[in-house]
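Have the viewer ready and follow along.

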Amino acid sequence: MERQSNEQQVFQKSGNRNQYPVKAYGMLGLWFLVFFVCAGIFSIVTPRWGEVLGAKAVTLVWLNLMNLLLAGLFYMILKTQRVYYINYVSYKEAVAATEEERLRFASQHLRTFLQATGLFALYSLVSWGLKVGLMLDIALYMLILIGAALRTIPFKLGK
């Protein structure tokens with residue numbers, strides 16, 4: 001409680017009048033809840049789908065769903081401007097930044113992960129058509145995701 005009041009004092013002292021919300025993780029918790037519900041539902045329907053479509057199709061659907069959920073997280077961060085949900089940004093830095101800086105920073109992350117989502121979706125279609133091995137699909141998914149994460153390192157909050 002004391003920490004939150006200190007952060008509010010920092011906000012008030014900074015002279016930043018862009019009305020940044022109080023530090024909270026409710027939206028992030030909601031995203032995790034949606035993620036786990038999707039995972040639970042997917043695990044229930046997977047045996048039925050697996051029999052009909054096969055392991056490759058189920059895996060590609062799951063990996064694409066994971067990408068959509070990650071892009072959804074970055075969309076939520078953009079809309080709420082809670083850029084401190086991103087690992088290397090503190091609440092203090094988020095408060096000190098202007099609204100435009102937070103929106104630019106969040107949109108850079110969203111754009112990067114949307115590009116990764118689109119790239120893997122295109123690959124999934126090609127992989128399905130060419131009957132590429134499942135291990136290659138998973139390896140390429142990991143490379144695309146790691147590449148997207150590494151691509152966001154140069155993004156800085158602020159000027």
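## Two loop residues with positive phi

Q81 sits in the loop that links α3 (55-80) with α4 (91-96). This is a predicted model, and in it the phi of Q81 is near 60°, a positive value in a residue that is not glycine. Is Q81 buried or exposed? Its relative accessibility is 12%, so Q81 counts as buried, the cut-off for that class being under 20%.

Which residues make the nonpolar surface patch of about 500 Å²? They are M27, L30, L33, V34, V37 and I41. M27 belongs to helix α2, which spans residues 26-53. With a relative accessibility of 32%, M27 counts as partly exposed.

## The chain as a whole

Stepping back, the chain holds six helices and zero strands, giving the order α-α-α-α-α-α from the N terminus on. It has 159 residues, and 39% of them count as buried.

Among contacts in the chain with a separation of 6 or more, 73% join residues 24 or more positions apart. The accessible surface of the chain is about 9,700 Å², and carbon and sulfur atoms hold 69% of that area.

How values were computed. Residues numbered from 1 in each chain as written. Predicted model: local features only at pLDDT ≥ 70, side-chain atom pairs only at ≥ 80, totals over all residues. Heavy atoms only, no water. Patch = residues over 30% accessible without salt bridge, like charges linked within 9 Å, V, L, I, M, F, W, Y side chains within 5 Å. Areas by Shrake-Rupley, 256 points an atom, 1.4 Å probe, with all protein chains shown as cover. Salt bridge = Lys/Arg side-chain N within 4 Å of Asp/Glu carboxyl O. Helix = DSSP H or I, 4+ residues; strand = E, 2+ residues; numbered from the N terminus. Buried < 20%, exposed > 50% of the residue type's maximum accessible area, 1.4 Å probe, protein only. Contact = heavy atoms within 4.5 Å.
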